[in-house]
Amino acid sequence: MFHVKQINMFEQYDVIVVGAGHAGAEAAAAAANLGSKVMLVTMNLQRIAQMSCNPAMGGVAKGQIVREIDALGGYSGLVSDKTMIQFRMLNKSKGPAMWSPRTQNDRVQFAIEWRNMLEKTPNIDFWQDTVTNLLVEEKRVIGVETQMGQKIYGNSVILTNGTFLNGKIHIGKKSFGGGRIGDQMSFGITEQLIKLGFKSARLKTGTPVRVDGRTIDFSKMEEQKGDEEPEGFSFLKKTRLTKQRSCWITYTSTLVHDELKLGFSESPMFTGRIEGTGPRYCPSIEDKIERFSDKTRHQLFVEPEGWDTIEYYINGFSSSLPDHIQLKALRKIVGFENAKIFVPGYAIEYDYFPPTQLHYSLETKLIENLYFAGQINGTTGYEEAAAQGLIAGINANLRQNNKKPFILKRHEAYIGVLIDDLITKGVDEPYRMFTSRAEYRILLRQDNADIRLTPLSYKLGLASKERYEKVVKKQELIKEIIEFTKKQSISPEETNSLLLEKGTSLLKQKVKISDVLLRPQIYVKELIETSLPFKELVSDNKYSKEVLDAAEILIKYEGYIAKEKELVTKLSKLEDTPLKYDFDYHSLKSLSTEARQKLSNIKPTTIGQASRISGISPSDINVIAVFIGR
């Protein structure tokens, strides 16, 4: 009798990534590009980096995160640029700290491009299966076990399970298991982690109806075009769109709200069938009606799902009401009178693990070499997930090479703010990044993400030499422009017509170009046209728009930037300064009311910890520092 020798299906891996959403994809790419042998395990290889919700990347604060990912050598910016169908720089009417890039993307092509890039990345193996169990020995993870009974061994494991851990979908009175519509949920990991001592809880998110574009009357809606000069996310490759697809804006009304209210008695949110807490800043339409009962309408964005599809995503109309109620209400919205839907809106609740159980490296405190990234940590959004995946992938590689973890500080990156918020403050509702969460946002602009982060990543070995050299050259050119404007004068004859047109005071004598640029009404591109020496300097196209814009920001906001850097230095010195447990914050009347209440309740042990409590401003910290003589 012959015995067939069993072949070992898998080799020993350095890093096993569970899940191939935005977090998993970035984690796998980062670890592999740093030299780790990676196994990426996902339930469906056709849905790598799937845009399960809106077909867009970036936006307020999120756009800064995508640029930071790109600056560090991640893939999200490159994939977004290759598949964008529209680009807009949001908040251009505000200061540069608020400018936020956003792309509308081809949802199908986005996933295809992500898979292509991962398949072209050396060191990554793929396996389509469901992980049901972690292999743990003496509080150290050594691999995973799958639904098909395969055991895959690795030095570290990164869990990026998204909404799949005991995921449950709700549409009216109907509910069923699923990680998203059309995909099964994952069972087993939560139960095992709880036995290992982890704390788990439930969160909820939702998504709106997808509508057949052939049944939408766009003539009744407001068109929202992309920028006239579309840019992109990546600092490495500049993608220029020659054509763009428009989005559209319409509004709900009291008629729509009344129709939706008819389904409230069947709403899983209002009847208590949903246990998880939903996102405060991206509520369902029924939640908006309930919470903002004084509002007679809510804005909706009608977003195309790609270049060639007729499918549209109705941003702002997320719902878990019965599908027939969703359709009836939709048809009362201007432009949707004859609408047909492809997929109803639904809510999904899922398990997450409060991120206070993690180190700053995103390694868990309880189990060595086990990392969590993405929605498993209570965040919401592709960008927040991708950022965590990138950091977890970097740190899994560094850990096995006995190197210090890569930790970004709050003044270095929005990614640093994100992870510090998660670790320090925890999460009791889906976490979403905003510019207001970053106390140093004038330093964390989208335009300088490469200058801030690429040198750090290049030192790690992740950012390429090409990236690093581009940053060095960019800094040199910016310095040249700034020095020129501070040395070169401009006369009243050259510029007064421009100043008159802009409604600002006229010059009486020659002044430096940089002094004129300090005026909020005046921009560098206008002074180039009025100053012949300036025009001659930039005539050979040596200085790109990116360089000129960056120089202009540094000139205009030089004072603000200097003050913020000074504050960083001051607070860094105060980071470990101890605070007494019985400190009487109510006696400090210069503190805001919110600060007095929160500090009294939380009782931080150091000024650094106090500075990271939600609602505590830098001015509050200054008051405390002055009081204790620091």
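Predicted model: local features only at pLDDT ≥ 70, side-chain atom pairs only at ≥ 80, totals over all residues.
**Stop 1: helix 10**

How many of the 12 residues of helix 10 are buried? The count is 10, so the helix is mostly covered. To see them, click through Tyr414, Ile415, Gly416, Val417, Leu418, Ile419, Asp420, Asp421, Leu422 and Ile423, the buried residues of helix 10.

**Stop 2**

Together they make an open sheet of three strands, in the order 3-5-4, with antiparallel pairing. Which strands lie at the edges? They are strand 3 (56–58) and strand 4 (84–90), each of which pairs on one side only. Look along the sheet and you can see that neighbouring strands are turned by 15° against each other on average, with direction ignored.

Now zoom in on strand 3 and strand 5 (residues 100–105), which are paired in the antiparallel sense over three bridges. Pick Met57 and look across: Thr103 in strand 5 stands opposite. As background, the strands of a sheet pair through backbone hydrogen bonds, and they do this either parallel or antiparallel.

**Stop 3: a hairpin**

Select residues 131–137 and residues 140–146. These are strand 7 and strand 8, an antiparallel pair joined over six bridges. Leu135 faces Gly143 in strand 8, standing opposite that residue. Two residues lie between the strands of this hairpin, and Glu138 takes a positive phi near 50°.

**Stop 4: aromatic rings**

Show the side chains of Phe, Tyr and Trp now. A search of the whole structure finds 12 aromatic pairs. One of them is formed by Phe198 and Phe372, a tilted pair with 5.6 Å centre to centre and 40° between the planes. Why does this pair tie together parts that are 174 residues apart in sequence? Phe198 lies in the loop between helix 5 (189–195) and strand 12 (201–212), while Phe372 belongs to strand 19 (residues 370–372), so the pair bridges that separation. Both Phe198 and Phe372 are buried.

For another pair, select Phe218 and Tyr312: the ring centres are 5.1 Å apart and the planes meet at 50°, so this pair is tilted. Phe218 is in the loop between strand 12 and strand 13 (222–224), and Tyr312 is in strand 16 (residues 311–318), which puts the two 94 residues apart. Is Tyr312 buried or exposed? Its relative accessibility is 6%, so Tyr312 counts as buried.

**Stop 5: charges over rings**

Turn to Lys243 and Trp307. The charged end of Lys243 sits over the Trp307 ring, 5.0 Å from its centre. Then move to Tyr523, where Lys556 lies over the face of the ring, at 5.5 Å from the ring centre.

**Last stop: cysteines**

A disulfide is a covalent bond between the sulfur atoms of two cysteines. How many disulfides are there here? The count comes to zero. Select Cys247 to check: this residue is in no disulfide, and the nearest cysteine sulfur, belonging to Cys53, is 14 Å away. Cys247 is buried, with a relative accessible area of 1%, whereas Cys53 is partly exposed, at 24%.

Terms used: Residues numbered from 1 in each chain as written. Heavy atoms only, no water. Phe/Tyr/Trp six-rings, centres within 6.5 Å; stacked < 30°, edge-to-face > 60°. Helix = DSSP H or I, 4+ residues; strand = E, 2+ residues; numbered from the N terminus. Buried < 20%, exposed > 50% of the residue type's maximum accessible area, 1.4 Å probe, protein only. Lys NZ or Arg CZ within 6 Å of the ring centre and 35° of its normal. Pairing = 2+ DSSP bridges. Axes fitted to C-alpha atoms, helices over the stretch in contact; angles between N-to-C directions. Disulfide = S-S within 2.5 Å.
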